[in-house]
Amino acid sequence: MSTDLASDDAGYEHYEAVVVGCGPGGAAAASRLADHGVETLVLERGVEAGSKNVSGGLIYAEDSAPYTIDDLFPDFRQEASERPVTDYRIHNVSGRQVKSYDLTGLHEHDTDWCDAVLRRPMDSWLEDRVHEMTSETGGGVLSGVRANGLLRENGEIIGVTFDEIDPITADVVIAADGVNSELARDAGLMDWEEPEDWFQGVKAVVDMDPETVNDRFDISEGEGAAHLFSGDLFSDVRGGGFLYTNEDSLSIGTVFHLDSLVEEEAEPHELLDALLTHPLLAKWLGDSYDEREYSAKLVPDSKKVALREPYRDRLLLVGDAGGQMQAQGPIIKGMNHAVTAGALAADAVALAQGEGDAEAAGRRYASMLEKSGTMEKLRPKRYEYSSRVSERSLTTRAVEGVLNSRVGSAAVGNRIADRLLRRAYNSPGLVGMLPDTETGYVTLPSIIGAEHGRTIHWDNEIEPPSLADRIGDLTYDTDVGNPHIRLRDESFEASGAAVYACPVSAEEFGGGCYRSEVVETNGSEERLVSLDTQPCVECGTCAVVADTEWEHPRGGKGVEFREG
Amino acid sequence: MRSIVLTKGVPDFSEGAVSFDEDGHLERGKTPTVMNPNDEKALQAALQTKVRHGGHVSGMSMGPPGYGEVLGEAMEEVYADDLYLLSDRELAASDTWATAITLCTGIEKYADEIGGVDLVFAGFKTADGETGQTGPQTCWGLEWPIVTHVLALDIDPDERRLRAKRLVEGDRDEIETVEAPLPCVVIADPEFSPTYRKASHRLTHKRLRAETRERAEEYEEHMTTWNQQDLNLDPEYIGLDGSPTIVSSVDPIPKAPSEREATVIEPGGEGMEELFGEMNEFAAARGD
Ligand SMILES: Cc1cc2nc3c(=O)[nH]c(=O)nc-3n(C[C@H](O)[C@H](O)[C@H](O)COP(=O)(O)OP(=O)(O)OC[C@H]3O[C@@H](n4cnc5c(N)ncnc54)[C@H](O)[C@@H]3O)c2cc1C
Ligand code: SF4
């Protein structure tokens, strides 16, 4: 029974701008709107910004970008980031053999600076700054509030509806609500259909005191290391691993093509463990392993889903919500593009103020993304050409065949090839075109590892926690009796992929979200899937790979990341 | 809009904090004082009013100087602007009646000297006395209307009226909506829940919280203590002398025997008879 008495007398509250989500995209948009004197209200579903967010953690400031995070928040690097990356390597793995290349060249291309970050401290710091700035213009940031849809009048978007507060109308709505944006979906701009359009990232934050970090990575205070991993470490699943140093911890994770995870029926936590327990990592992890947090999140593939026109009516999509997440080979750039897009969207709004039609800001925004070169980075035209050649399975198979033959291996394996490979890996153009096939992720790196690599003779002694322990260590505020995901189709054919692709579920594991069981009905056996959302880390995977009605939990409910 | 929230300190009855002597009497000295748990709802109701309609909220308490801390806590929760402690040795051992008279006098002094009061908020029952009388008695003294068991509250400042949903006879399924003119005393029910459905209200709430944080750390600077002289109270009406309530004796609740015997009684007519028989025997043995 409702005991609310508040009279809904005055209709909806109105703000000049409403920003949904206070990640890097939302924070950038809101701070820039405040600069322009626009009255801006920011709504964030987490108890605090960052409590829902995960990234691997390198935030780039590109020389060519019209906006970087420190343009908008000058103290960012001192206050909100961990360590700058001063050492950058990729390791091609084939069994125990590893060939490492220094990738500093690639890393430094177009890079003004690049820092490792943890999202809870970073985003909560941004939230405070944004609140200060937007309060000046009559707005502010409200956390613990979830947007649940768009408010329309005569079919046109005029505002946003929420779980916790009354609907709000606005002159402009900026959806910076990340991957699985409910607003982008409601607007019909994004769907969650094709596993090919997404990556899934899984990550562990490992405790390590600063001196040990410096020692083991051979760096000093104020320096940091980044290591990437590819090859046969993950069997045939397309993707790779990363390790970044933070102030007093390590971020270690994996990013895989979602379609490949589904095809290979791979368990994401086991793939992460394969990385953690590889002999190569022993020298960095030592023999005591203390995992602070396990987390996961979907990542859009901008090459396929970045919208060239990320707007509808007065709704503008920014960051992951608009698919603006660039995987440049092994380098992942999402946060920086979200920042750029957020700031550009705000500028577009300011420029379009006073222009009558609702889409004026959106049109300007799309054109600024194009003219600033941002869209070309996100969705390069040449990819659309090269993918047609390299992703065609026939070509791939032919190339694979050659590479796997003795001639092919020898070709990649000779000394000149070694030099060329080093150069190739450091060429942003070539790396950007690394086709999203096994060739780029598995075959080539493992041949490189086998042909050029040295063998690692020591063992890795660490034992990563079980999935049950990982879930047990997470903080949840469960919305009892109000699950945020519902299974629409319980058959294994429709939803079974979630049993393994869900990062907190596994075959034969009873404590996860998705389980499968064989049920006998009328004499015939049927394999069914059941769902318990309690351990859910809100990664979004099952929104794509299973037949569900998928929403985020109400504001402040669900998982709460402390590291991110 | 100007409100006063009444709050009081009580012994911390929570497990681990409370201490009893061998006879089962509460050891006040060894038990820390905390804010009366039900007062939290009064604070929330006052805060909701302040967030929605603006204005000034003062916290008020009668008790020993140590209650200042409880008021400090109240300031943090209700984002109170200032605090008033009615404290004097002469006021010690007041029962609900003497307390109500003292609080009434405090409120009237406040109204005369500080500003006219629109609302007085109090919690339902204190955790130590459990009488639930002080609020209504204070209201009687003020000659204001009172709305008790309030679950939800809305105020029309222009009409100077309040609308409240209240529990009828403690039954969750029977809720009535009442209206009352201001000034008025509001007793929040333990089930009172504040609602902030408007974004602007939540922004105000957040601003108030930030503003209060510093103030609450130095709450003593925002606290005024009024003693008996300040209040100009007739000694006959206050403290022990002014307290008609006589507590004849306090019965310790017998400790449950450590080894219990259980008798399983089958349901049905015979079973019930057996049950009553057993209960009679038990009562007789205890001397009730
Ligand atoms: C494992 C992994 C590794 C990655 N590594 C990197 C990397 O090294 N470098 C890099 O640049 N990027 C990396 N990324 C990608 C990067 O994290 C994202 O691209 C980036 O966070 C996008 O920013 P955003 O502001 O668009 O969205 P987010 O950061 O996701 O922020 C969205 C915000 O909106 C809030 N929100 C969502 N829905 C609602 C709602 N309905 N109502 C209210 N609030 C809502 C969320 O709580 C969140 O705070 C990685 C991602 C993963 C998963
Ligand atoms: S239930 Fe779905 S959203 Fe939740 S963790 Fe598993 S796959 Fe991710």
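A salt bridge, as I use the term today, is a side-chain nitrogen of Lys or Arg within 4 Å of a carboxyl oxygen of Asp or Glu. What I am showing is a predicted model, in which local features need pLDDT of at least 70 and side-chain atom pairs count only at pLDDT 80 or more, while totals for chains, interfaces and linings use all residues. Residues are numbered from 1 along each chain as its sequence is written, chains are lettered from A and ligands numbered from 1 in the order in which they are written, and side-chain values use heavy atoms, with hydrogens and water left out.

Let me begin with the charged pairs. Searching the whole structure over all chains gives 44 salt bridges, and I will go through a few of them.

One of them joins Lys198(B) to Asp166(A), with 3.5 Å from N to O. This pair crosses between chains: Lys198(B) sits in the loop between strand 10 (184-188) and helix 5 (199-217) of chain B, and Asp166(A) in the loop between strand 9 (156-162) and strand 10 (168-175) of chain A. Helices here are DSSP runs of H or I with at least four residues, and strands are runs of E with at least two, numbered from the N terminus. For burial I use relative accessible area with a 1.4 Å probe and protein chains only, where buried means under 20%, exposed over 50%, and partly exposed in between. Lys198(B), at 15%, is therefore buried, whereas Asp166(A), at 22%, is partly exposed.

Within chain A, Glu291(A) and Arg470(A) form a salt bridge whose closest N and O atoms are 2.8 Å apart. These two residues are 179 apart in the chain and link distant parts of it, Glu291(A) being in strand 15 (residues 291-300) and Arg470(A) in helix 21 (residues 467-473). Glu291(A) is buried because its relative accessible area is 10%, and Arg470(A) is buried at 2%.

A further pair is Asp115(A) with Arg77(A), where the closest N and O atoms lie 2.9 Å apart. Here too the pair links distant parts of the chain, with Asp115(A) in strand 6 (residues 111-116) and Arg77(A) in helix 3 (residues 76-80), 38 residues apart. Is Asp115(A) buried or exposed? Its relative accessibility is 2%, so Asp115(A) counts as buried, while Arg77(A) has a relative accessible area of 31% and is partly exposed. Finally on this topic, Glu48(A), Arg120(A), Glu560(A) and Arg562(A) are linked in a network of salt bridges.

Now to the cysteines. Cys513(A) is buried, since its relative accessibility is 3%.

Let me turn to chain B and its backbone. Its secondary structure comes to seven helices and 11 strands, and buried residues make up 44% of its 288 residues. As a general point, most residues other than glycine have a negative phi, and most peptide bonds are trans. In chain B, a cis peptide bond joins Leu182(B) and Pro183(B), with omega about 0°, and Pro183(B) is placed in the loop between strand 9 (171-181) and strand 10.

Arg160(B), with phi about 50°, is in the loop between strand 7 (146-156) and strand 8 (161-168), and is partly exposed at 36%. Asn232(B), with phi about 55°, is found in the loop between helix 6 (228-231) and helix 7 (269-286), and its relative accessibility of 67% is why it counts as exposed.
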